[in-house]
Amino acid sequence: MNRVLKAMAAAFWHPLRSRLSTFKLVSGVVMALLMSFVFYFFSCAMLEAFRLMTVTPEFDIWVPSEKERSFYQLFFAFVSTLLAQSFCLAYWFDGPRRFFERGHRSAVQIVNGQRNLNWYFLYWFAKVFLCWFCIFSFPGAFYAFSLYPGFKHLFILLIIVLFMHPWVAMRQAFKRKTVKWMALSAVLVAVLAFGMSRINVVDYKSLDNAFLSRNVPHRYSLELPETETLEKVEHATLSKNAYLVQSKDKTESKCLIVVDGKTVDLKAFSESMEDWRLCHNEADFPLLNCRLNIDKKVKMKDVDEVRQALADMRFYRIQYAVVPRRRELDVRYYTFLSLHSLRIPVRFLDDSLYQKWIVDVSEIPNQIVVMPKGIGTFEINGVTTEGKECKARFKDLIRQDLNYIIRFKVDDEMLYGDYITVMASAMEALNDLKEEYAMERYLKHWAQLYPEEEEEVYYRFPFRFFEDK
């Protein structure tokens with residue numbers, strides 16, 4: 001092997017062959033190999049460190065696909081090998097000028113080119129990494145922004161530039177003699193990079209499991225209801241997340257309550273909520289609310305038990321976590337959206353107050369009665385209606401008389417997903433009517449109204465939704 005390398009050096013580097021001793025030739029190759037492996041291991045370790053920085057408060061973490069991870073590892077392997085090759089060339093050609101030596105200026109150009117390339121690339125790569133980190137520092141940003149596969153061509157072009165740049169000075173010094181050496185270098189770099197990229201430096205699957213096992217939506221395959229009417233959670237410090245999920249025990253399917261990553265019963269849930277409330281200023285107590293993340297397959301009898309516990313503790317504000325029906329990003333990105341903040345239904349409060357509301361509600365002329373008829377099917381004023389048709393049905397009935405009330409008979413065996421379908425459909429229908437009225441009266445979209453105009457529209461189209469026992 002040494003003879004072959006020496007022969008190639010003598011054949012293609014004739015003007016400078018005297019500068020390469022056997023020791024310098026072999027030691028350069030050995031140091032380049034060691035450097036490529038060290039830089040590759042460091043790059044893979046930095047990738048995992050970067051992933052640790054993307055962990056969200058819900059213990060979600062950026063998990064690249066197998067193709068994406070393989071691509072990044074291959075990129076790191078190529079970069080490591082090319083930087084090591086650049087270092088090797090600089091090492092070979094570096095040295096003081098000898099008496100009557102020809103071509104020393106070419107050697108200096110080659111050495112400076114390799115060193116400048118290494119330092120400039122590392123400096124540039126550090127800036128890109130910093131920008132990438134700033135973007136991914138926002139919780140869940142890795143679902144909204146990804147370099148692979150949309151920008152993979154940039155990585156490929158970068159590898160080509162890194163490979164071609166060292167040969168610019170070599171080409172100027174040795175003209176066509178560098179073509180065969182460059183071809184051999186390309187083959188060796190590719191073989192080494194592909195082989196090195198197969199090495200998994202870190203047990204990333206164990207790292208993923210360490211966090212995702214504490215992520216409630218991932219652990220229990222949480223499926224939230226979908227709707228078009230939603231809002232971003234504001235004042236997150238005044239809202240506490242609670243999860244109602246289905247047990248994964250196939251022998252006994254039951255609803256579980258998860259708070260702060262722990263599975264609790266109703267009593268422990270109440271204690272946890274009370275401890276959280278005591279951490280706030282007393283003036284904020286009326287503003288505190290519980291954000292319920294409920295699987296759409298959970299039955300309403302389990303949801304009602306939690307809502308009754310909240311009412312008993314005088315938590316009157318409640319939010320229901322939902323996801324957009326039409327979405328551009330991964331569903332796991334939307335962890336900050338809810339239905340409009342609502343008060344706990346009066347049926348969970350004082351019974352005398354509930355009876356009074358029954359009397360008041362019965363006097364409203366436009367009674368819209370909704371009863372569950374089956375999974376995804378309802379009866380609205382005696383007409384069987386599918387879930388996707390509820391919105392249009394509500395719009396027609398509300399338009400007939402704006403002095404309306406939607407009375408929803410909630411069944412214990414009803415699925416939570418169907419419950420949200422009815423409530424969200426009513427909200428969506430009302431929003432459409434507000435939009436139509438705003439365009440008709442003010443010639444503007446509802447979102448463009450001035451505060452006094454928006455107040456007038458709200459007054460004309462109030463949300464009246466009443467749950468019957």
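Leaving aside neighbours within four places in sequence, which residues is K248 in contact with? In this predicted model, K248 is in contact with H218, R219, Y220 and S221. Contact means heavy atoms within 4.5 Å. K248 sits in the loop between β3 and β4. R219 lies 29 residues from K248 in sequence, but the two are 9.1 Å apart in space, C-alpha to C-alpha.

Residues are numbered from 1 along each chain as its sequence is written, and side-chain values use heavy atoms, with hydrogens and water left out. As the model is a predicted one, local features need pLDDT of at least 70 and side-chain atom pairs count only at pLDDT 80 or more, while totals for chains, interfaces and linings use all residues.

Strands β3 and β4 belong to an open sheet of six strands. Its order is β5-β4-β3-β6-β7-β10, and the pairing is mixed. Helices (H or I, at least four residues) and strands (E, at least two) are DSSP runs, numbered from the N terminus. Two strands pair if DSSP finds at least two bridges between them. The edge strands are β5 (262–264) and β10 (342–343), and each of them pairs on one side only. Strand β3 (residues 239–246) runs parallel to strand β6 (residues 289–294), and six bridges join them. Y243 stands opposite N293 of β6. Helix α11 (residues 266–278) packs on this sheet and touches β3, β4 (255–259), β5 and β6. The direction of α11 makes about 165° with that of β3. Helix α12 (residues 300–312) lies across β3, β4, β6 and β7 (317–320). It runs at about 170° to β6. Axes here are lines fitted to C-alpha atoms, for helices over the stretch in contact, and angles run from 0 to 180 degrees between N-to-C directions.

The largest pocket has a volume of about 1,200 Å³. Of its 44 lining residues, the closest to its centre are E58, Y243, R291, T335 and F336. The elements giving two or more residues to this lining are α5 (141–144), α10 (216–219), β3, β4 and β6. The lining divides into 23 nonpolar, nine polar and twelve charged residues. Ala, Val, Leu, Ile, Met, Phe, Trp, Tyr, Cys and Pro count as nonpolar, Asp, Glu, Lys and Arg as charged, and the others, Gly among them, as polar. On a 1 Å grid over the protein atoms alone, a pocket is an open set of points with protein on both sides within 12 Å along at least five of seven lines, whereas a cavity is a set where a 1.4 Å probe fits but cannot get out; lining residues have an atom within 4 Å of a point. Grid points are joined across faces, edges and corners, and a volume is the space filled by probe spheres set on the points.

A search of the whole structure finds one cavity of 30 Å³ or more. About 60 Å³ of space lies in the largest cavity. Its lining consists of C44, L47, E48, R69, Q73, F76, V201, V202 and Y204. Six lining residues are nonpolar, one is polar and two are charged.

Helix α2 (residues 22–52) also packs with helix α9 (residues 204–212), at an angle of about 10° and with the axes 12 Å apart. The two helices are therefore roughly parallel to each other (angles under 35 degrees count as roughly parallel, over 145 as roughly antiparallel, 65 to 115 as roughly perpendicular and the rest as oblique). E48, R51 and L52 of α2 meet Y204, L207, D208 and F211 of α9. Four residues of this contact are nonpolar, none is polar and three are charged.

A second open sheet has five strands in the order β13-β12-β11-β14-β15, with mixed pairing. β13 and β15 (465–468) stand at the edges, each with a single partner strand, so one side of each has no neighbour in the sheet. Strand β11 (residues 366–374) pairs with strand β12 (residues 377–380) in the antiparallel sense over four bridges. They form a hairpin with two residues between them, and G376 in the turn has a positive phi of about 80°. β12 and strand β13 (residues 383–386) also pair in the antiparallel sense over four bridges. Strand β14 (residues 404–409) pairs with β15 in the parallel sense over four bridges. The bridge partner of K409 in β15 is D468.
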